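Thanks for coming. Please have a look at the sequence and the model, and then I will go through one part of the surface.

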Amino acid sequence: MIIRFDTTDHLKSWMASSERARLISKVEPLFAGTDDFYISSGLDFWFTPAGAKAKIPKRWKQYLITWSAIYPLALGVPYFVTPVLRLFGVSESLLLTTLAVTAVIVFLMVYVVMPRYTRLMQRWLFN
């Protein structure tokens, strides 16, 4: 189960709350082991975290999935970002264009592409 919080403080509050302790004690007889959890943030949600007891995809599969997602974005995003920068009067600077293009690619990877893509490729990733 993945639970996400908007801030680290909210996560800490939940983890220390009496409500969570009450709920855990209620379902503890159903656990195969102890209440085990892994706290993390960032890119490791794309794949199973290394500390997790779940099955971890092979590195070469993680590489192929990530590369196959970034490649079309690296080809396509500049065609959309560059005209938008020109529209707003941003000079044709390689540094600024690259900054904007990579910002869009990383945003798309983290929030749009990888959550859906890893779900779609889950069967292949974990076999």
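I start with Trp 60, which is partly exposed at a relative accessible area of 46%; that class lies between buried, under 20%, and exposed, over 50%, with a 1.4 Å probe and protein chains only. This is a predicted model, where local features need pLDDT of at least 70, side-chain atom pairs count only at pLDDT 80 or more, and totals for chains, interfaces and linings use all residues. Residues are numbered from 1 along each chain as its sequence is written, and side-chain values use heavy atoms, leaving out hydrogens and water.

Now the aromatic pairs, meaning rings of Phe, Tyr and Trp (its six-membered ring) with centres within 6.5 Å; planes under 30 degrees apart are stacked, over 60 edge-to-face, the rest tilted. The count is three. Helices here are DSSP runs of H or I, at least four residues, numbered from the N terminus. Tyr 63 and Trp 67 are stacked, because their ring centres are 5.7 Å apart and their planes at 25°. Both lie in helix H3, four residues apart, about one turn of the helix.

Which residue has its charged end over the ring of Trp 124? That is Lys 61, 4.9 Å from the ring centre; the rule asks for NZ of Lys or CZ of Arg within 6 Å of the centre and within 35 degrees of the ring normal.

Terms used:
Helices (H or I, at least four residues) and strands (E, at least two) are DSSP runs, numbered from the N terminus.
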